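Here are my notes for you, point by point. Have the model open while you read, and look up each residue as we go.

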Amino acid sequence: MSIQARFRLERGDFTLDVELQIPGKGVTALFGRSGSGKTTILRCLAGLERIEDARLQFNGDLWQDATFFLPVHQRPLGYVFQEASLFPHLNARNNLLYGFKRIPAGERRVKLDDVVTLLGLETLLDRYPDALSGGQRQRVAIGRALLTSPQLLLMDEPMASLDVASKGEILPYLERLRDELSIPVVYVSHSIEEVARLADHMVLLEAGRALAQGPLQTLLTRTDLPLAHSEQASAVIEGTVAVHHAPDHLTELAFAGGSLLISHQERAVGTPLRARILARDVSVALTRPDASSVLNALQVRISDISDDPQPGHVILTLDAGGQTLLARISLRSCRQLALAKGQTVWAMVKGVAVT
Amino acid sequence: MPISLSPQDTMALWVTFKLAVISTTILLVLCAPAAWWLAHTRWRGKVVVEALVTLPLVLPPTVLGFYLLLLLGPRGWVGGTLESMGFNHLAFSFTGLVIGSMIYSLPFVMQPLTNAFQATGTRVLEVAATLRASPLDRFFTIVAPLARRGFLTAAVLSFAHTLGEFGVIIMVGGNIPGQTQVASIAIYDHVEAMDYQSAHALALILVILSFSLLLAVYGLNRKFKVVGVGS
């Protein structure tokens, strides 16, 4: 674990009490509703907020304990704020270089050209912040953080202040970052779609406490946690692009539990790809459904059946070759099909969102 | 009308100029941290500080000068202490004038600086900190450039205000030619003595000087305008 942290804080009627272990690789999402303490935790990690009862270690280095506090500007991290907060008196190039100039030359692993290419900033460099769109500003802000060659990247809902179009513009860049960065990223979000697309790990927060932390796929499908019972309950399947069926405009995604047909993806065969499947888009059948318009049917084993807060429904936890799917079906169907734990059934997947 | 100044009037102009430069410089240095604190503190007693800082703006200069005279004079708290330590008291001295002008011009420096710092906000500084900038580095590379119009306004107001100072100076400084006699008092003296010719010369110089100063400042302000930032 690269980050080990404990934060305790009482402020008015808000109490924060968390112990976190964040892995040294991949994107960890701090997920929860507003007021759950996500941003406070991120600010504590950065040192922007200094609370008394705290202990924080990064890669074995002590950043904070009862008697010691490493100031923000001495921590090797990058921070992307909710609003881009570019320096208004500097153009995009000088914004990008602000942090770069302040680290020793020998530690500059990320170069201006790398960031410009990665984030598509070629035409923006000479512009001042007030001549950039929201999405462009946020891209510059991300690049500015990356140019300090951080060992840890902290992102506080970097898309929250953007409109839908700008979000769509930023997301692919964030995915590239996830795939190309070798440093841990802690990402605050209250959008489960975003988390499902970007995160590998997740810390589930509620009212200042960590309900659970662990791999994304596990937490999404754990029926003892609220996520699996929400309207947006879903599972993420990780596979690789197996083959393109050009005439049908489909791409086949292969994983240990079978394969899924999804709308055509501009990705080379062999690239890893994630698919998100909502519990409400999965139904089950006892025999292989041959006469159906549903494209995807997977043979799965029922590993659990649990009550759903939605009256008259149950949540099935389905094992598909080691990966987990959720299905929300009616109680009546469950009874009529006499579904039971351990039984093998066919899962019919009506919708797959590619992430 | 040819402008000719007596050596005493030239001296008075020089004292005025020296006084304005020195008190403005000291004020800017002292007020920058104070205004920063005032702009960002959440302390409840802040209103008292704000009221105190603004007080010189509403008080008659003679009231201000009167108290300063008492305070800085040989029997005053400050003057007396200095005397007992073997120094001179500060009434009727140039140092006394500087202290007087600083208090007199305090609100004109604090107000623009506080406003500028409030407009700057703390977010840009947090960003700079995450980009490895130390506190001093943040002040010079972020706060100062973003608040430069505030600094400029403060400097000009303080300078111009000191040029026209009369009441405080006549109370604290007396009217000693070459030491504490400033242009505004010299003009008053000339008028008293019915020497309109000399009063005209000095007054006209002050008008031209002040106008050129303001002209330069407004010109600079345009050039200094930071894209996307209000003052």
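1. Is W37(B) buried, exposed or partly exposed? W37(B) has 14 C-beta neighbours inside 10 Å, so it counts as partly exposed. The cut-offs: buried means 20 or more other C-beta atoms within 10 Å of a residue's own, exposed means 12 or fewer, and partly exposed is in between, with C-beta atoms placed from the backbone. You'll find W37(B) in helix 1 (residues 7-40) of chain B. W37(B) and H200(B) lie 163 residues apart in sequence and 45 Å apart in space, C-alpha to C-alpha.

2. A word on what you're looking at. This is a predicted model, where local features need pLDDT of at least 70 and side-chain atom pairs count only at pLDDT 80 or more, while totals for chains, interfaces and linings use all residues. Residues are numbered from 1 along each chain as its sequence is written, and chains are lettered from A and ligands numbered from 1 in the order in which they are written.

3. Now chain A. It has eight helices and 20 strands; these are DSSP runs (helices H or I, at least four residues; strands E, at least two), numbered from the N terminus. The radius of gyration of chain A is 22 Å, close to the 20 Å that the globule rule gives for 355 residues, so chain A is as compact as a globular protein of that length. That radius is taken over C-alpha atoms, and the rule is 2.2 Å times the number of residues to the power 0.38. Of the 355 residues in chain A, 41% are buried.

4. Chain A splits into domain 1 (3-229) and domain 2 (234-354), with bounds from an automatic or database domain assignment. Their centres, over C-alpha atoms, are 32 Å apart. Eight residues of domain 1 are in contact with 13 residues of domain 2, where contact means C-beta atoms, placed from the backbone, within 7 Å. On the domain 1 side, helix 7 (residues 216-221) of chain A gives the most, with four residues.

5. Check out the open sheet of five strands in chain A: its order is 13-12-11-14-20, with antiparallel pairing. Two strands pair if DSSP finds at least two bridges between them. Strand 13 (258-263) and strand 20 (353-354) of chain A stand at the edges with a single partner strand each, so one side of each has no neighbour in the sheet. Six bridges join strand 12 (residues 250-255) of chain A to strand 13 of chain A, and E252(A) has L261(A) as its bridge partner in strand 13.

6. Where do the chains meet? The contact takes 17 residues from chain B and 21 residues from chain A. On the chain B side, the largest share, six residues, comes from helix 6 of chain B.

7. Last, the largest nonpolar core, with 154 residues. A nonpolar core is a set of buried Ala, Val, Leu, Ile, Met, Phe, Trp, Tyr and Cys residues joined through C-beta atoms within 7 Å. L154(A), L325(A), A327(A), A347(A) and L113(B) touch the most other members. Helix 5 (residues 94-120) of chain B gives the most to this core, 13 residues. Leaving aside neighbours within four places in sequence, the contacts of L113(B) include C31(B), A35(B) and F151(B).

Key:
Two residues are in contact if their C-beta atoms, placed from the backbone, lie within 7 Å.
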